[in-house]
Amino acid sequence: MKLTSGFANILKNSTASVKKNTGVSVGFHDPDTWISTGNFALNYRISGDFEKGIPLGKVTVFAGESGSGKSFIVSGNIAREAQKQGIHVVMIDTENALDDKWLTDLGVDTSEDCLTKVNMAMIDDVAKYIGTFIKGYRDAYDDVPKEERLKVLFIVDSLGMLLTPTEVDQFEKGDMKGDMGRKAKQLKALITNLVNTIGALNIGLVCTNHTYASQDMFDPDPKVSGGSGFVYASSILVAMGKLKLKEDEEGNKTSDVAGIRAKCKVMKTRYNKPFEDVEIKIPYSSGMNPRSGLLDMFEKYKLITQSGNSLIYVDIDTGEQIKKFRKAWIRNEDNCLDLVMAQFSRHPLILPITEEEKGTEEYDSSIDTVLENIPDELKD
């Protein structure tokens with residue numbers, strides 16, 4: 001039913017009034033700015049695109065045990081990739097662990113023009129700081145088109161170390177009884193408010209948090225500290241586990257620990273299939289290879305298959321067989337992984353199709369699109 005002009009004016013005026021007085025956003029706010037995680041496979045697991053990673057306008061959480069690579073990806077890779085796009089990074093350090101040299105070694109520009117770093121220990125302080133910034137941001141850019149506004153990424157590393165006033169008061173009195181659930185409630189309130197507030201702005205929030213092992217045999221996935229309400233409120237959630245990396249730069253097995261293998265499972269996302277995982281290698285000496293995890297993912301989808309001591313891929317465009325040893329694939333020799341990644345992006349039906357998906361309108365439409373791009377000699 002089409003709105004009458006009178007009703008349309010009432011709705012328009014009331015919406016404008018509420019928006020002005022409360023900061024409520026109106027309309028759809030699909031992400032238009034994405035920040036890479038520094039890893040192609042992880043980007044794909046989160047966003048369905050190898051180049052995209054996490055979006056502005058949303059709240060993203062990377063949760064995992066200590067030493068699983070959370071800060072490496074968030075405060076290192078994501079901060080660096082954000083700066084490459086001219087996005088100002090505001091880094092809230094709650095652990096007093098993010099050193100200038102460590103960040104600089106990861107490619108982060110720590111100059112004041114590109115990075116604002118603050119140290120905080122209280123949930124209340126973080127909420128007040130971000131809330132005050134958002135109010136000032138609105139005042140400064142209220143009449144400025146969105147595409148001309150400054151883009152900002154807040155990083156909180158980590159939520160798990162933040163304190164409530166109750167915990168501080170108990171510490172000062174020497175009577176440590178716990179916070180009686182206040183922390184979970186405050187974290188949920190913080191995230192929920194930010195999810196609703198930053199959607200229409202050029203502002204994003206990415207946090208790290210802790211996980212603990214599940215004791216439920218029917219739900220074995222790692223559990224994120226901070227309560228279930230906080231998990232529900234976040235837009236994207238990646239759970240990270242830690243394994244030892246025992247191989248040298250050439251991929252040969254060693255007895256020494258040369259780094260970590262970060263197992264990343266995307267527990268929550270609206271942009272791709274959730275509960276998919278990828279294992280990323282982070283050597284201590286050289287850092288993360290952005291293509292780490294790609295080969296395993298392509299093998300899982302049977303795009304690259306084993307043949308004796310080699311791995312084979314059939315070029316979709318030419319039908320040519322590409323055959324290389326595993327180490328050559330890992331090194332991206334002759335840009336072999338880049339080729340598969342590009343063709344994977346163009347041909348969505350490379351992925352396994354479930355019985356439920358076959359015969360649907362979306363399936364029939366997508367298969368026609370793929371067939372149009374395959375050479376005639378390969379269609380049979």
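The model is a predicted one, in which local features need pLDDT of at least 70 and side-chain atom pairs count only at pLDDT 80 or more, while totals for chains, interfaces and linings use all residues. Residues are numbered from 1 along each chain as its sequence is written, and side-chain values use heavy atoms, with hydrogens and water left out.

Cysteine 264 is also buried, because its relative accessibility is 1%. The structure holds 0 disulfides, a disulfide being a pair of cysteine sulfur atoms within 2.5 Å.

For the chain as a whole, the secondary structure comes to 12 helices and 15 strands. Helices (H or I, at least four residues) and strands (E, at least two) are DSSP runs, numbered from the N terminus. Of the 380 residues in the chain, 42% are buried. The accessible surface comes to about 20,700 Å², and 52% of it belongs to carbon and sulfur atoms; these areas come from the Shrake-Rupley method with a 1.4 Å probe, and for residues only the protein chains shown count as cover. Contact means heavy atoms within 4.5 Å. Among contacts between residues at least 6 apart in sequence, 64% join residues at least 24 apart.

Two strands pair if DSSP finds at least two bridges between them. Axes are lines fitted to C-alpha atoms, for helices over the stretch in contact, and angles run from 0 to 180 degrees between N-to-C directions.

Within this sheet, strand E3 (residues 59-64) and strand E7 (residues 203-209) run parallel and are joined by 5 bridges. Threonine 60 stands opposite valine 206 in E7.

The side chains can be followed next. A nonpolar core is a set of buried Ala, Val, Leu, Ile, Met, Phe, Trp, Tyr and Cys residues joined through side-chain atoms within 4.5 Å. The largest such core has 55 residues, and those with the most contacts inside it are Phe62, Phe298 and Trp329. Helix H3 (residues 70-84) gives the largest share of this core, 6 residues. Another core, of 31 residues, lies apart from it and has Val118, Val126, Val156 and Ile191 among its members.

Helix H3 also holds glutamine 83, which is buried, with a relative accessible area of 15%. Not counting residues up to four places away in sequence, glutamine 83 touches Val89, Gly107, Val108, Asp109, Cys114 and Leu115. Leucine 103, in helix H4 (residues 100-105), is buried at a relative accessible area of 1%. Beyond its neighbours within four places in sequence, leucine 103 is in contact with Ser75, Met91, Leu98, Val108, Thr110 and Leu115.

A further open sheet, of 3 strands, has the order E13-E14-E15 and antiparallel pairing. Its edge strands, E13 (304-307) and E15 (321-325), each pair on one side only, and the twist averages 30 degrees from one strand to the next. Strand E14 (residues 310-314) pairs with E15 over 5 bridges in the antiparallel sense, with isoleucine 312 opposite lysine 323 in E15. Helix H11 (residues 336-346) packs on this sheet, touching E13, E14 and E15, and its direction makes about 40 degrees with that of E14.

Helix H2 (residues 40-47) includes asparagine 43, which is buried, with a relative accessible area of 0%.

Terms used:
Buried < 20%, exposed > 50% of the residue type's maximum accessible area, 1.4 Å probe, protein only.
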